[in-house]
Amino acid sequence: MAWLWLAVIASGLYHGINPGMGWPLAVSSGLMEKSPRALFGALGILAIGHLAATLLMLLPFALLVAVAEWRRPIQAAAALIVIGFGLFRVLNPRHPRALAKIPPTQLGFWSFAVAIAHGAGLMLVPIYLGLCQASDLDRSHPAASTLASANLGIALLVALVHVAAMIVAGGSLAWAVYRYLGVRFVSKSWFNLDKVWAISLVLVGGIALAFNLVDPM
């Protein structure tokens with residue numbers, strides 16, 4: 001299970017580094033109010049929005065995988081959804097117009113919408129399903145309610161660990177830019193990870209699907 005938890009952390013760091021997840025907005029908030037407290041407050045709001053988007057993706061699967069006999073089809077379907085969304089993002093990299101209509105004052109909602117639009121929580125679904133399978137290897141078909149409760153707990157832990165890693169990565173960049181480089185660095189040194197992100201979705205889904213097909217269960 002260790003490599004699966006490392007994948008949860010790595011995806012969080014990856015999402016945090018991506019400026020599309022909002023750390024430049026935290027820099028902007030800190031610079032406008034001339035206060036590091038404003039920067040960290042903005043990071044907190046971004047974290048809440050990202051956490052909500054992640055849980056929105058994970059919790060339905062947490063309930064579905066409690067039905068043990070449908071576990072493999074559910075895992076295969078989740079992998080195909082992730083692959084399909086990744087291919088869609090590769091072929092259609094434009095941001096939804098609705099995102100541009102969200103005012104900066106609604107930072108939490110913006111973070112939630114961006115995470116949904118980029119498939120941030122969706123990327124975690126195959127990893128999460130792998131963790132559920134690994135944790136249930138020694139169980140002998142317990143009651144569905146008990147299994148669902150355990151799966152919900154894992155989903156919440158996955159989301160919290162992921163968002164914590166994201167905020168550490170994004171917050172470190174935001175603080176460095178705020179403290180030493182300034183907003184001009186952001187405007188001149190913007191790096192776009194959207195294409196890499198989309199390809200990552202395809203890879204994560206593909207790996208999950210491959211494991212599902214070769215699993216002897």
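Of the 217 residues of the chain, 46% count as buried, a class that requires under 20% relative accessible area, with exposed meaning over 50% and partly exposed the range in between (1.4 Å probe, protein chains only). The structure is a predicted model, in which local features need pLDDT of at least 70 and side-chain atom pairs count only at pLDDT 80 or more, whereas totals for chains, interfaces and linings use all residues. Residues are numbered from 1 along each chain as its sequence is written, and side-chain values use heavy atoms, with hydrogens and water left out.

The secondary structure comprises 10 helices and 0 strands, where helices (H or I, at least four residues) and strands (E, at least two) are DSSP runs numbered from the N terminus. With contact taken as heavy atoms within 4.5 Å, residues 24 or more positions apart account for 86% of the contacts in the chain with a separation of 6 or more.

Just after α6, Gly-119 takes a positive phi of about 75°. In helix α2 (residues 23-33) lies Ser-29, which counts as buried because its relative accessibility is 17%. Apart from its neighbours within four places in sequence, Ser-29 is in contact with Ala-38 and Ala-42.

The structure holds 2 cavities of 30 Å³ or more, a cavity being a set of points, on a 1 Å grid over the protein atoms alone, where a 1.4 Å probe fits but cannot get out, and lining residues having an atom within 4 Å of a point. The largest cavity has a volume of about 50 Å³, given as the space filled by probe spheres set on the points, which are joined across faces, edges and corners. Its lining includes His-15, Trp-23, Leu-43 and Met-166, and the elements that give two or more residues to this lining are α1 (2-17), α3 (36-64) and α8 (144-181). The largest share, 3 residues, comes from α8.

Notes: 1 Å grid on protein atoms, 1.4 Å probe; cavity = no way out; pocket = protein on both sides within 12 Å on 5 of 7 lines; lining within 4 Å.
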